Structures are given as structure tokens and as C-alpha cells.
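Hi everyone, thanks for coming. Let me put today's model up on the screen, and then we'll walk through it together.

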Amino acid sequence: MGKILESIIANRIKEHLEKHKLIKLSQHGFLKGFSCLTNLLTYYSEVYEAVDSGKEYDTIYLDFSEAFDKVPHQKAD
């Protein structure tokens, strides 16, 4: 029952955000037809366009993998 209710609420929120155009085109998660791949292709397109026109383009990479390695995964006694 909880999963059904969760799905109904998620769909309603998504419909509201789409109807009122509250999701930017740069948002690729949770949208039909968009994925990590389309996000990456959009990013590379922007970078190549800037570099080809002689502009600089700065990028910051963040790595959160070790942060999750430090989370205790054992159940408490």
C-alpha cells in the first residue's frame, strides 16, 4: 500500500512541476527521454562550443565515493 501511495504522490508532484514549467531543461534526472547520457552530451556540447569560439570553460569535479565508504553499514546490536 505504501508503494502505491508513494507512486501516486510522485506522479502528482511531477505533473505539477511539468505543468507549471518548474523544471529547467538542464535537469536530466527523473524526466522521460533524459538520462545521464543526455546530460553528459549536453555538457560536452557546451564545452566544445565555448572552446571552439575561443572562450574559456571551467569545470569542477567532485568525488563523493569515499564519503559513502565511511558510512557504517552494519546493523546496530
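Let's start with a question: does Tyr 48 count as buried or exposed, and at what relative accessibility? Tyr 48 counts as exposed, because its relative accessibility is 53%, and exposed means over 50% relative accessible area, buried under 20%, and partly exposed in between, with a 1.4 Å probe and protein chains only.

A word on where this comes from: this is a predicted model, where local features need pLDDT of at least 70 and side-chain atom pairs count only at pLDDT 80 or more, while totals for chains, interfaces and linings use all residues. Residues are numbered from 1 along each chain as its sequence is written, and side-chain values use heavy atoms, with hydrogens and water left out.

Now the overall picture. The protein has three helices and zero strands, in the order α-α-α from the N terminus. Helices here are DSSP runs of H or I with at least four residues, strands are E runs of at least two, and both are numbered from the N terminus. Of the 77 residues, 5% count as buried. The protein exposes about 7,900 Å², with 60% of that supplied by carbon and sulfur atoms; accessible areas come from the Shrake-Rupley method with a 1.4 Å probe, and for residues only the protein chains shown count as cover.

Back to our tyrosine. Tyr 44 counts as partly exposed, at 37% relative accessibility.

What about the rings? There are three aromatic pairs in the structure. The ring centres of Tyr 44 and Tyr 48 are 6.1 Å apart and the planes sit at 25°, so this pair is stacked. For the cut-offs, rings of Phe, Tyr and Trp (its six-membered ring) pair if their centres lie within 6.5 Å; planes under 30 degrees apart are stacked, over 60 edge-to-face, and the rest tilted. Ring pairs join Tyr 43, Tyr 44, Tyr 48 and Tyr 57 into a cluster.

Next, please have a look at helix 2 again.

One last stop, in the loop between helix 1 (2-19) and helix 2, where we find Lys 21. Its phi is near 50°, a positive value in a residue other than glycine. Lys 21 is exposed, with a relative accessible area of 72%.

That's my tour, and I'm happy to chat about it.
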